[in-house]
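Colleague: I am new to this one and would like to go through how its chains meet. Could we take it step by step?

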Amino acid sequence: MVWFILTFIIGLAVGRKKFLPTALLQHPAWIVTPSLALLLFFLGLQIGGQPAILHSIWVLGAEGLFIAVLSMAGSAIAALIAYRMVQRRASASISDSRNGGKPD
Amino acid sequence: MTWLVLASVPLGILAGWLSHGTLHIKAVIENIVFALLLLAIGYSLGQDETLWPRIKSEGLRMMAIPAAILVGTLAGGLVAALVLQIGTRLVLATSAGMGWYSLAAILLNQAAGAKAGTLGFLANVFRELLTLVAVPWIAKYANGTLTVAIGGATTMDTALPVISKHVPPNTTVLAFVSGVLLSLLVPVLIPLLLGT
């Protein structure tokens, strides 16, 4: 599945360097939205064709909700810690500059 | 357009259910569409001329928050994996979707099958919906940075209008930059975490 990553990186590079200013790639949304919809439709087809997944959809939903809530909580806690550290560093550098770069 | 994307899954489920699983799409077609999608997503992020100078101008200070969001999301995913016992790699990859439900579902489906794709879709739809509901409340009663944290990759697009309505402009810029950086990581992180 390395090609997942490679294709994405090639897209980034082409977009950044504008190697291919083709009419097709001028409006990526025209490619992104229909292909997303198509691939999700294919995913739905696979789900609908497998009764085992359909029967466990509520369980998967509950697991999904649990994963979402814990991921959000984890990111909130980590971001708060990072924010406090950044603030502390910023206020320390302000007080340093007020002291002419000399420590208190 | 969001509704078209969201409705695709139930429509597909209905078609699959009505056809009793006899309707199959050849893997090669699926792979071609998928490659085109990844190429177009990469291209759209790469061609945005305002994006890279913005990221550069915000500097390392702005990088600390998305980095923390990434670490926190994966830590939350790890705890969820320990509780649920349904496979650490799968749960970590699901949480690494960062709320980008469409791409996460497709990546998980391609790499680990339809059940993983369903879990990825549901978990990340829930993250996006919970973000949209929680942002006004969090912005009012807690730190604005938390609105950026809970949104993950969605703060670049769907959640951005809601966030910008409730937080100061500098936090809105942080939300956008953080959403972009996390969005860039999703297509790389999910396959890496699945180890496929």
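**Where chain A meets chain B**

Modeller: One point before the questions: this is a predicted model. Between chain A and chain B, the residue pairs in polar contact, both at pLDDT 80 or more, number seven.

Colleague: Which helix of chain A gives the most residues to the side that touches chain B?

Modeller: Five helices of chain A each supply at least two residues to that side: α1 (2-17), α2 (23-26), α3 (29-48), α4 (51-55) and α5 (57-98). The one that gives the most, with 22 residues, is α5(A).

Colleague: How do the residues on that side of chain A divide into nonpolar, polar and charged?

Modeller: In all, 61 residues of chain A are in contact with 82 residues of chain B. The residues on chain A's side divide into 41 nonpolar, 17 polar and three charged.

Colleague: How many salt bridges are there between chain A and chain B?

Modeller: A salt bridge needs a side-chain nitrogen of Lys or Arg within 4 Å of a carboxyl oxygen of Asp or Glu. Between chain A and chain B the count is zero.

Colleague: What share of the area buried between chain A and chain B comes from carbon and sulfur atoms?

Modeller: The buried area is about 6500 Å². Carbon and sulfur atoms give 82% of it.

Colleague: Why does A:T7 count as buried?

Modeller: A:T7 lies in helix α1 of chain A, and its contacts include B:A35, B:L38 and B:L39. Buried means under 20% relative accessible area. A:T7 counts as buried because its relative accessible area is 13%.

How values were computed. Residues are numbered from 1 along each chain as its sequence is written. Chains are lettered from A and ligands numbered from 1 in the order in which they are written. This is a predicted model: local features need pLDDT of at least 70, side-chain atom pairs count only at pLDDT 80 or more; totals for chains, interfaces and linings use all residues. Side-chain values use heavy atoms; hydrogens and water are left out. Contact means heavy atoms within 4.5 Å. Buried area is the accessible area (1.4 Å probe) that two parts lose on being put together, summed over both. A polar contact is a pair of N or O atoms within 3.5 Å; within protein, one must be able to donate a hydrogen and the other to accept it, and residues adjacent in sequence count only if both atoms are side-chain atoms. Helices (H or I, at least four residues) and strands (E, at least two) are DSSP runs, numbered from the N terminus. Ala, Val, Leu, Ile, Met, Phe, Trp, Tyr, Cys and Pro count as nonpolar, Asp, Glu, Lys and Arg as charged, and the others, Gly among them, as polar. Buried means under 20% relative accessible area, exposed over 50%, partly exposed in between (1.4 Å probe, protein chains only). Lists of a residue's contacts leave out its neighbours within four places in sequence.
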